[in-house]
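Hi everyone, thanks for making time for this.

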Amino acid sequence: MNKNIFWISSYPKSGNTLVRAILTGLFFSKEGKVEFEDMKHIGLFETTRRLNFIKSINEEDFYNLGDLKVLSKYWQKIQTNQELKIEKGFGFLKTHSCLVSIKNNLFTNKDITKGYIYVIRDPRDLSISWAHHSNYGIDQSIDFLSNPLSVLKWINKSKYSLVPKNIFPLQFISSWSEHVKSWTENDIGIPKLIIKYEDLIMDKELIIKKIIKFFDENFGVKINNPNKRLENILKTTSFSYMKNMETKNSFDEAMPWVDFFREGKKEQWKKILTKEQKLKIEKNFKNYMLKFGYY
């Protein structure tokens, strides 16, 4: 197996897109100037066109990909499939999947994955952002974050996907705490960098320097012209700049009812959550909120 995949992972609405933009500036842009078009170099793993090859292997499985026990058999096969077109170096992929094993099928392993960046966000703010993105009420959003069986559908938009529209392959998200545990406490044995969303928006320059250092120390990757890239990344990944880009050009991850780049702030929960909502989140997630300084 080629050990080439590098994941950008997070619970949904936790800052994954901002980290993708930063990595785009470092690896796929001219002097660090980030454009939405360039961000396509770091695609979502869970798009149904990646499942096409299963049909020729096992047609019965192909038509039962809505069952996680069936789909999980192919997680690692998808990651080593030639259609990913990762021949050498880094193949960056975005995911919101939990790093778990279903029926002894682990989402990924050290023979496939080079490393990953995991982004974590205060679940109190996350519950608000996820509510807006999913068109949920906040109580419904909190229930989603608290549910150890939470799932999302794979994206089925591509004209190249063979998966019928009535089949819904699922990505296993789980609860916020189980998701955090799976990516921060595993023993897979690959380099990982854990980033807090709040640090990312409050001191982005420091986080970008940490990312540059991480790739240098773990993989011997030297970023060309780092100072100029840093300057341009800071400009073109500011919230106002990216929101303006979305207004002008749209953003393919936005939902019809709300802009993708909505607030980009921390501690919104202080003005929005009720006392009962706040206490429910803190009760459900106390251990990991304490561990990462949210409690």
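Let me begin with a definition: two strands pair if DSSP finds at least two bridges between them. Helices (H or I, at least four residues) and strands (E, at least two) are DSSP runs, numbered from the N terminus. What we have here is a predicted model, where local features need pLDDT of at least 70, side-chain atom pairs count only at pLDDT 80 or more, and totals for chains, interfaces and linings use all residues. Residues are numbered from 1 along each chain as its sequence is written, and side-chain values use heavy atoms, with hydrogens and water left out.

A quick word on confidence. pLDDT is the predictor's confidence in each residue, from 0 to 100. The protein averages a pLDDT of 91, and 91% of the residues score at least 70. Residues 254–258 stay under 50, and the model gives them nine contacts beyond four places in sequence; contact means heavy atoms within 4.5 Å. Where pLDDT is low, the predicted coordinates should not be read in detail.

Now to the sheet. In which order do the five strands of the open sheet come? The order is S2-S3-S1-S6-S9, and the pairing is parallel. Strand S2 (43–44) and strand S9 (192–196) stand at the edges with a single partner strand each, so one side of each has no neighbour in the sheet. Helix H8 (residues 176–184) packs on this sheet and touches S1, S3, S6 and S9, and its direction makes about 145° with that of S6. For that angle, axes are lines fitted to C-alpha atoms, for helices over the stretch in contact, and angles run from 0 to 180 degrees between N-to-C directions.

Let's follow the pairings. S1 and strand S3 (residues 91–95) run parallel and share five bridges, and Ser-9 has Thr-95 as its bridge partner in S3. S1 also pairs in the parallel sense with strand S6 (residues 113–120), over six bridges; there, Trp-7 has Tyr-116 as its bridge partner. S2 and S3 are parallel too, joined by two bridges, and Leu-44 is partnered with Lys-94 in S3.

Stay with S1 for a moment: are its residues buried or exposed? Six of its six residues are buried, where buried means under 20% relative accessible area, exposed over 50%, and partly exposed in between (1.4 Å probe, protein chains only). Ile-5, Trp-7 and Ser-9 point one way, while Phe-6, Ile-8 and Ser-10 point the other way.

Leaving aside neighbours within four places in sequence, the contacts of Ser-10 include Thr-95, Tyr-118 and His-179.

On to the nonpolar cores. A nonpolar core is a set of buried Ala, Val, Leu, Ile, Met, Phe, Trp, Tyr and Cys residues joined through side-chain atoms within 4.5 Å. The largest one has 51 residues, and Trp-7, Leu-51, Leu-65, Leu-145 and Trp-176 have the most contacts inside it. Which helix gives the most to this core? H14 does, with four residues. A second, separate core of 29 residues includes Val-34, Phe-92, Ile-208 and Leu-230. Back to Trp-176: not counting residues up to four places away in sequence, Trp-176 touches Leu-145, Phe-285 and Met-289, among others.

Finally, a few loops. Ser-174 sits between strand S8 (170–172) and H8, and its phi is near 65°, a positive value in a residue other than glycine. Ser-174 is buried, at 3% relative accessibility. Glu-267, in the loop between helix H12 (239–249) and helix H13 (269–272), also has a positive phi, of about 60°. Glu-267 is partly exposed, with a relative accessible area of 38%. Ser-72, between helix H4 (68–71) and helix H5 (75–80), is buried at 2% and touches Ile-102 and Asn-105, again not counting residues up to four places away in sequence.
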